[in-house]
Amino acid sequence: MDPFVTQTRKRIEVLEESTHGETEHQRKKFKVCENEEEEEEDTFITAEFSHPLPWQKIEAEGLDCDYALLFSKDEADRLFKQLEEEVEYFTGEKAQVRVFGKLYSVPRKQATYGNPGLMYSFSGVRLLARPWTPTVEYIRDSVTKATGRTFNFVLVNRYKDGNDHMGEHRDDEKELDPGSPIASVSFGAARDFVFRHRDTRGQRPRRPIDPVKLVLAHGSLLLMNQPTNTYWYHSLPARKRILTPRVNLTFRNVIQDSKS
Ligand SMILES: O=C(O)CCC(=O)C(=O)O
């Protein structure tokens with residue numbers, strides 16, 4: 001295990017939802033999400049971990065993720081502060097999404113960084129990567145050391161408080177290398193993160209499958225491996241009780257041919 005993930009941390013919060021193969025001990029940690037739109041503070045349970053901190057495998061049908069605390073609290077505090085000073089978020093049209101031809105402001109701030117010339121399109125907006133900042137590059141390299149994976153692009157999302165959120169979506173754009181995991185690093189307020197299987201969506205769900213719910217802690221890394229983004233949508237629901245900011249970085253691999 002890489003030293004980055006063997007930092008001491010007294011408590012982390014994580015809840016995983018598994019549809020099969022649970023032990024009785026694990027089952028006690030799992031709760032079913034009845035209604036994702038509601039505040040569900042009770043359904044997120046705290047687990048204790050001691051040094052050295054292991055990766056947690058989070059699995060369900062077609063879902064394969066790894067979760068760990070990548071940074072110690074002190075380092076996460078420092079990086080969060082540096083990100084708040086360094087990251088330049090989009091404004092104007094670039095801070096909007098297009099839905100059925102109409103532009104809406106996103107309920108958070110966004111920025112993109114990456115290798116020269118890389119473009120990434122989502123929700124009708126085409127964003128050019130700015131050159132890596134020292135802190136974003138340091139976090140990217142820390143993820144690489146911990147996972148053995150390299151990344152050429154990052155989407156940064158800043159949530160000023162629990163009113164800011166991200167709706168249900170899959171990171172399955174054609175520009176993304178389908179063989180690469182997506183590495184999600186979080187700083188600041190711990191926020192609920194919900195996966196929902198595609199077969200359970202819509203007016204007439206094809207079959208019942210429990211959602212998978214996590215709490216993404218300050219300094220944590222969630223690795224979303226294939227084929228997670230084929231079968232599962234994810235969201236960061238609004239949580240009104242959260243009064244402090246959070247910054248999330250999703251490191252990705254954009255296919256180089258999608259340069260403009
Ligand atoms: O802020 C988060 O944890 C969610 C980010 C996300 O879903 C994305 O960047 O696609």
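Let me begin with a definition: a residue is buried if 20 or more other C-beta atoms lie within 10 Å of its own, exposed if 12 or fewer, and partly exposed in between, with C-beta atoms placed from the backbone. Thr-250 is partly exposed because 18 other C-beta atoms lie within 10 Å.

Please keep in mind that this is a predicted model, in which local features need pLDDT of at least 70, side-chain atom pairs count only at pLDDT 80 or more, and totals for chains, interfaces and linings use all residues. Residues are numbered from 1 along each chain as its sequence is written.

First, the overall picture. The protein chain has 260 residues, of which 35% count as buried. Its secondary structure comprises 4 helices and 18 strands; helices (H or I, at least four residues) and strands (E, at least two) are DSSP runs, numbered from the N terminus. Two residues are in contact if their C-beta atoms, placed from the backbone, lie within 7 Å. Among the contacts in the protein chain with a separation of 6 or more, 79% are between residues 24 or more positions apart.

Now to the sheet. Two strands pair if DSSP finds at least two bridges between them. Strands of a sheet pair through backbone hydrogen bonds, either parallel or antiparallel.

E3 and E4 run antiparallel and are joined by 5 bridges. They form a hairpin with 2 residues between them, and Gly-62 in the turn has a positive phi of about 75 degrees. Across this pair, Ile-58 stands opposite Cys-65 in E4, while Gln-56 has Tyr-67 in E4 as its bridge partner. On the next pairing, 6 bridges join E4 to strand E16 (residues 220-225), again antiparallel. There, Cys-65 has Met-224 in E16 as its bridge partner.

Leaving out residues up to four places away in sequence, Leu-221 touches Ala-68, Leu-70, Val-143, Ala-146, Ala-183 and Val-185.

Next, the ligand. Which residues surround the ligand? They are Leu-155, Asn-157, Met-166, Asp-171, Ser-184, Phe-193, Leu-216, His-234, Leu-236, Asn-248 and Thr-250, where a residue is near a molecule or strand if its C-beta atom, placed from the backbone, lies within 6 Å of it. This shell divides into 5 nonpolar, 5 polar and 1 charged; Ala, Val, Leu, Ile, Met, Phe, Trp, Tyr, Cys and Pro count as nonpolar, Asp, Glu, Lys and Arg as charged, and the others, Gly among them, as polar. Strand E11 (153-159), strand E17 (232-236) and E18 each supply at least two residues of the shell.

Finally, the annotations. In an unreviewed entry, UniProt lists as "binding site" Asn-157, Tyr-159, His-169, His-234, Arg-246, Thr-250 and Arg-252; such positions are given in the numbering used here, feature names are shortened, and annotations may be inferred rather than shown by experiment. Arg-246 lies in strand E18 (residues 246-252) and is buried, because 23 other C-beta atoms lie within 10 Å. Setting aside neighbours within four places in sequence, Arg-246 contacts Tyr-159, Ser-186, Phe-187, Gly-188, Ala-189 and Arg-191. Thr-250 is also found in E18, and, not counting residues up to four places away in sequence, Thr-250 touches Val-154, Leu-155, Ile-182 and Ser-184.

The "binding site" annotation in UniProt, from an unreviewed entry, also covers positions including Phe-100 and Phe-122. Phe-100, in the loop between strand E5 (96-99) and strand E6 (102-105), counts as exposed because it has 5 C-beta neighbours inside 10 Å.
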